[in-house]
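Please read the following note with the structure open beside it.

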Amino acid sequence: QVQLVESGGGLVQTGDSLKLSCAASGRTFSVDAMGWFRQAPGKDPVFVAAITWNRGNTYYADSVKGRFTISRDNVKNALYLQMNNLKPEDTAVYYCAAAVRFNIATMTWRTEYNYWGQGTQVTVSS
């Protein structure tokens with residue numbers, strides 16, 4: 001099992017920056033990749049970004065490309081999401097997720113991730 005705990009959410013204004021963190025514990029050696037998803041009110045969770053754990057290859061949803069940066073610290077077993085130039089449409093609960101087998105073709109699918117955190121709220125006011 002892998003346990004994930006997100007932190008860093010909050011209320012910010014349009015154009016502000018925010019950095020989310022996700023602390024991983026347990027059988028982290030089994031993790032092949034990690035990602036961030038977000039769920040806006042009344043909508044399904046959607047893919048935001050992913051990173052392969054060993055090589056650090058990164059992937060982004062078009063909606064956040066150029067504004068968000070995903071990174072990881074293998075020593076600390078931590079995942080990060082630096083969010084810049086935030087917009088009201090970025091408002092959502094952000095979830096950290098871990099996959100034991102990463103596939104680029106299906107990395108945006110929620111079902112490809114085996115472990116999930118409890119989520120952290122990000123609210124961007126206009």
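1. In this predicted model, four strands make up an open sheet whose order is S1-S3-S8-S7, and the pairing is antiparallel. Strands here are DSSP runs (E, at least two residues), as helices are runs of H or I with at least four, and both are numbered from the N terminus; two strands count as paired if DSSP finds at least two bridges between them. Strands of a sheet pair through backbone hydrogen bonds, either parallel or antiparallel.

2. Strand S1 (2–7) and strand S7 (68–73) stand at the edges, and because each has a single partner strand, one side of each is left without a neighbour in the sheet. From one strand to the next the twist averages 15°, where axes are lines fitted to C-alpha atoms (for helices over the stretch in contact) and angles run from 0 to 180 degrees between N-to-C directions.

3. Strand S8 (residues 78–83) is joined to S3 by 6 bridges, with the two running antiparallel, and lysine 19 stands opposite glutamine 82 in S8. S8 is mostly covered, since 5 of its 6 residues are buried; buried means under 20% relative accessible area, exposed means over 50%, and partly exposed lies in between (1.4 Å probe, protein chains only).

4. S7 also pairs with S8 in the antiparallel sense, over 6 bridges, and in this pairing serine 71 stands opposite tyrosine 80 of S8. The two strands S7 and S8 form a hairpin with 4 residues between them, and asparagine 77 in the turn has a positive phi of about 55°.

5. How many disulfides does the structure hold? It holds 1 disulfide, a term used for a pair of cysteine sulfur atoms within 2.5 Å, and this one joins cysteine 22 to cysteine 96 with an S to S distance of 2.1 Å. Cysteine 22 lies in strand S3 (residues 18–26) and cysteine 96 in strand S9 (residues 92–99), so the pair ties together parts that are 74 residues apart in sequence.

6. The torsion about the S-S bond of cysteine 22 and cysteine 96 is about -70°, and the disulfide is therefore left-handed. Cysteine 22 is buried, at a relative accessible area of 1%, and cysteine 96 is buried with a value of 0%.

7. On the basis of these values, residues are numbered from 1 along each chain as its sequence is written, and side-chain values use heavy atoms, with hydrogens and water left out. Local features need pLDDT of at least 70 and side-chain atom pairs count only at pLDDT 80 or more, whereas totals for chains, interfaces and linings use all residues.
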